[in-house]
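Please look at the sequence and the 3D structure below before reading on. The briefing that follows goes through how its parts meet, topic by topic.

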Number of protein chains: 2
Amino acid sequence: MMKRSKQKEVILRIIKSTSSHPTADWIYEQARKEIPNISLATIYRNLKLMKDNGELLELDLGVGQSHYDGNVTNHYHFRCDKCGQIFDIDQPVDKAIDVSVARQTGHEVTHHVLKFRGICKRCKK
Amino acid sequence: MMKRSKQKEVILRIIKSTSSHPTADWIYEQARKEIPNISLATIYRNLKLMKDNGELLELDLGVGQSHYDGNVTNHYHFRCDKCGQIFDIDQPVDKAIDVSVARQTGHEVTHHVLKFRGICKRCKK
DNA sequence: TTATTTGCAAATCATTTGCCCGAAG
DNA sequence: CTTCGGGCAAATGATTTGCAAATAA
């Protein structure tokens with residue numbers, strides 16, 4: 001019962017075609033190029049729907065806005081403390097650590113979120 | 001040049017004497033018991049000051065308010081997706097992974113933040 | 001037709017700020 | 001004294017919501 005709409009298509013296409021981990025705002029600006037009167041609320045509404053649908057990830061970096069990621073395969077991120085840019089980390093996800101923590105704590109561990117912080121290659125120069 | 005004040009003392013004492021990873025709001029309620037007319041803005045102002053001073057940590061769990069932790073030694077956390085409670089994870093911090101990511105990406109990695117998610121022991125029952 | 005979705009504006013919610021007063025050094 | 005910290009209320013910024021009109025099924 002989820003209707004498709006032009007705005008949904010545009011939003012999903014924008015997210016799937018970038019690896020820049022954009023914010024809702026950036027997606028909004030891009031979408032406006034195709035649908036000039038699209039509303040920011042529509043962006044947020046659809047991002048949430050698609051997130052709940054497993055079509056994208058919401059990254060909470062703890063600073064300002066959320067970032068969204070069209071790459072739904074589990075992976076880690078690095079955030080530059082200077083320019084704020086987010087990079088994917090090409091490092092295998094360690095499932096064993098979840099098991100280890102579950103055994104140690106007695107909690108049921110479904111997954112973990114790992115974020116690296118520092119200064120990116122470019123800003124370092 | 002940081003003046004000491006009764007409110008600073010109270011706030012710091014509250015945080016240092018719990019391992020419940022409280023929110024600013026909870027700290028506010030506790031502080032009111034000792035200083036009834038203390039302001040929430042004062043709580044936030046001092047939490048930020050103390051964070052910048054390295055006296056406490058701010059945990060951003062990506063859901064609602066920030067949580068604060070008087071334990072400044074680097075450690076991991078687990079958040080229950082049902083009750084929202086946060087638990088410390090007694091697992092050694094893996095510094096080697098920072099080095100590995102730095103080598104692989106060329107970025108300067110200062111640290112990483114690792115959060116486990118799932119259902120806690122209590123909620124699981 | 002009729003259930004969803006949209007755009008818009010107003011509402012939330014956590015956090016921050018401006019301002020003027022009181023307290024610390 | 002004189003500067004910094006505090007209380008209060010108003011401002012902010014990101015995200016959400018209510019609602020009537022538009023649109024997909």
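Through which surface do the copies meet? Of the interface residues of chain B, 100% are also interface residues in chain A, so the copies meet through the same surface. This is a predicted model, in which local features need pLDDT of at least 70 and side-chain atom pairs count only at pLDDT 80 or more, while totals for chains, interfaces and linings use all residues. Residues are numbered from 1 along each chain as its sequence is written, chains are lettered from A and ligands numbered from 1 in the order in which they are written, and side-chain values use heavy atoms, with hydrogens and water left out.

**The interface**

- In chain B, 30 residues are in contact with 30 residues of chain A, where contact means heavy atoms within 4.5 Å.
- The two chains bury about 2700 Å² between them, 57% of it on carbon and sulfur atoms; buried area is the accessible area (1.4 Å probe) that two parts lose on being put together, summed over both.
- Of the area that chain B buries against chain A, 20% comes from B:His107, B:Glu108 and B:Phe116, more than from any other three residues.
- Between chain B and chain A there are zero salt bridges, a salt bridge being a side-chain nitrogen of Lys or Arg within 4 Å of a carboxyl oxygen of Asp or Glu.

**Elements that take part**

- Strand S4 (86-89), helix H4 (96-105), strand S5 (108-119) and helix H5 (121-124) of chain B each supply at least two residues of the side that touches chain A; helices (H or I, at least four residues) and strands (E, at least two) are DSSP runs, numbered from the N terminus.
- S5(B) gives the most to this side of chain B, with twelve residues.
- Strand S5 (residues 108-119) of chain A pairs with S5(B) in the antiparallel sense over eleven bridges, and two strands are said to pair if DSSP finds at least two bridges between them.
- Within that pairing, A:Arg117 stands opposite B:His111 in S5(B).

**Symmetry**

- Chain B is superposed on chain A by a rotation of 180 degrees with 0.0 Å of shift along its axis (RMSD 0.0 Å), using least squares on the C-alpha atoms of residues with pLDDT of at least 70 in both.
- That is the relation of a two-fold axis.
- B:Leu114 comes closest to the rotation axis among the residues of chain B, at 2.3 Å (C-alpha).

**A hairpin within chain B**

- Strand S3 (residues 76-80) of chain B runs antiparallel to S4(B), and four bridges join them, with B:Phe87 in S4(B) as the bridge partner of B:Phe78.
- S3(B) and S4(B) form a hairpin with five residues between them, and B:Gly84 in the turn has a positive phi of about 80 degrees.
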